[in-house]
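Could you take a look at this one with me? I jotted down a few notes while going through the model.

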Amino acid sequence: MKIKVKSVSAVFKKQNVLDNCFFVVQSGESVGLVAPNGTGKTTLLKAMVGLEKTKKGKIQIDETIDLYQNRERFLHEVFFILSNEILYENLTVLDHLEMLKELWHSSASIDEASQFFKIHSFHKKKVKQLSLGMKQQLILTMYLVSEAPILLFD
């Protein structure tokens with residue numbers, strides 16, 4: 001599975017931040033965006049999941065699933081993490097995992113994903129009781145439970 005960004009241009013606060021951006025990430029590759037603050041990294045990631053509008057260009061998975069033409073199918077293939085603010089402070093770790101499993105119609109084992117990231121010991125804790133590292137472990141466990149083949153995080 002590959003994700004392709006082709007000729008994408010975007011504006012943020014009336015300023016061009018992406019101009020004819022093009023790249024392909026193949027299955028199994030890990031890519032990091034490294035650039036100074038304010039250069040469009042977050043705008044690009046948001047554009048890649050339809051949270052920011054683009055002026056032009058295409059974003060596709062395997063050249064057959066287009067973000068704009070088949071949004072629901074596209075988004076089922078991508079797990080996007082903008083920050084740990086996606087977590088609900090008054091829900092437990094296990095509540096998050098069970099809710100995500102149901103929403104994504106996943107067949108993944110919460111127990112196996114929890115073992116992988118070693119979060120069993122705080123399954124019953126509410127998010128507001130977790131350290132930043134624990135929240136990050138939870139988010140990564142949520143990704144495993146989603147069974148999405150593509151992970152994007154800012």
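Here are my numbered points, starting with the sheet and ending with some loops.

1. Before anything else, keep in mind that this is a predicted model. So treat my notes as comments on a prediction.

2. Start with the sheet. Four strands make an open sheet, and if you walk across it you meet them in the order E2-E1-E3-E4, with antiparallel pairing. E2 and strand E4 (65-66) are at the edges and each has a single partner strand, so one side of each has no neighbour in the sheet.

3. Now zoom in on one pair of strands. How many bridges join strand E1 (residues 3-12) to E2? There are seven, and the two strands run antiparallel.

4. Next, have a look at Gly40. You'll find Gly40 in the loop between strand E2 (15-25) and helix H1 (41-47). Is it buried or exposed? Gly40 is buried, because its relative accessible area is 11% and the cut-off for buried is under 20%. Leaving aside residues up to four places away in sequence, Gly40 touches Val17 and Leu18. Gly40 and Val11 are 29 residues apart along the chain, yet their C-alpha atoms are 9.1 Å apart in space.

5. Here's a backbone detail to check. Most residues other than glycine have a negative phi. His105 isn't a glycine, but its phi is positive, at about 50°. His105 lies in the loop between helix H3 (93-103) and helix H4 (110-117). With a relative accessible area of 72%, His105 is exposed, since the cut-off for that is over 50%.

6. Look for Lys118 in the loop between H4 and helix H5 (132-146). Its relative accessibility is 65%, so Lys118 counts as exposed.

7. Finally, Ser106. This residue sits in the loop between H3 and H4. Ser106 counts as buried, because its relative accessibility is 10%. What does Ser106 touch, if you skip residues up to four places away in sequence? The answer is Lys101, Val145, Ser146 and Glu147. For Val145 there is a polar detail too: its backbone oxygen lies 2.5 Å from a polar atom of the Ser106 side chain.

Notes. Residues numbered from 1 in each chain as written. Predicted model: local features only at pLDDT ≥ 70, side-chain atom pairs only at ≥ 80, totals over all residues. Heavy atoms only, no water. Buried < 20%, exposed > 50% of the residue type's maximum accessible area, 1.4 Å probe, protein only. Contact = heavy atoms within 4.5 Å. Pairing = 2+ DSSP bridges. Polar contact = N/O pair within 3.5 Å; in protein donor to acceptor, adjacent residues only side chain to side chain.
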